[in-house]
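User: Got a model open here and want to go through the helices. Can you take me through it?

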Amino acid sequence: MSDHTNKHVDEVAELEAKSATAARLFDVRRIIGGLFVVYGIIVTIAGITASDADLKKAQDININLWTGIGMLALGLFFLVWLKLRPTAPPTPDESE
């Protein structure tokens, strides 16, 4: 191969690597999981610090606590799913 062809092959390989990195970085599971974990922590803290008046409004059910725990569980599920089944880099056939 000529130097010109090798240069294009190297550029294509570099662009494919950047594309795979961007796909992993912006995986929707990471975004959804992160948001649910953050909001789950906030709502769980609100549930832990709920007053008696807040509980009476909700018929003595600590809605914030249970919702926060559910949000935390869902967020952790998405993040564990991302860790166990990461986004595969695109194959040369898919990128065409």
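User: How many residues does helix α2 have, and what does it reach from its first C-alpha to its last?
Analyst: Helix α2 covers residues 28-48, which is 21 residues, and reaches 30 Å. That is close to the 30 Å expected at 1.5 Å a residue. The expected span is 1.5 Å times one less than the number of residues. Helices here are DSSP runs (H or I, at least four residues), numbered from the N terminus.

User: Before we go on, what kind of model is this?
Analyst: This is a predicted model: local features need pLDDT of at least 70, side-chain atom pairs count only at pLDDT 80 or more, and totals for chains, interfaces and linings use all residues. Residues are numbered from 1 along each chain as its sequence is written, and side-chain values use heavy atoms, with hydrogens and water left out.

User: Which residues of α2 are buried?
Analyst: R29, G33, V37, G40, T44 and G47. Buried means under 20% relative accessible area, exposed over 50%, partly exposed in between (1.4 Å probe, protein chains only).

User: Where do they sit around the helix?
Analyst: Down the axis of α2, the buried residues fall within an arc of 100°, so they line one face. The arc is taken from the directions from the helix axis to the C-beta atoms.

User: What covers them?
Analyst: The cover includes α4, residues 63-84.

User: Which residues does L79 touch?
Analyst: L79 is in helix α4. Leaving aside neighbours within four places in sequence, L79 contacts R29, R30, G33, G34 and V37. Contact means heavy atoms within 4.5 Å. The C-alpha atoms of L79 and G33 are 5.4 Å apart, though 46 residues separate them along the chain.

User: Is L79 buried or partly exposed?
Analyst: Partly exposed, at 31% relative accessibility.

User: And I31, what is its relative accessible area?
Analyst: I31, in helix α2, has 42%, so I31 is partly exposed. I31 and L79 are 9.0 Å apart, C-alpha to C-alpha, and 48 residues apart in sequence.

User: Which residues make the nonpolar surface patch?
Analyst: F26, I31, L35, V38, Y39 and I42, at about 610 Å². I42 also lies in α2. Patch residues have over 30% relative accessible area and no salt bridge; nonpolar side chains (Val, Leu, Ile, Met, Phe, Trp, Tyr) are joined within 5 Å, like charges within 9 Å. A salt bridge is a side-chain nitrogen of Lys or Arg within 4 Å of a carboxyl oxygen of Asp or Glu.

User: New topic. Where is N62?
Analyst: In the loop between α3 (52-57) and α4. N62 counts as buried, at 16% relative accessibility. Beyond neighbours within four places in sequence, N62 contacts G47, A50 and L55.

Conventions: Helices (H or I, at least four residues) and strands (E, at least two) are DSSP runs, numbered from the N terminus. Accessible areas come from the Shrake-Rupley method with a 1.4 Å probe; for residues, only the protein chains shown count as cover.
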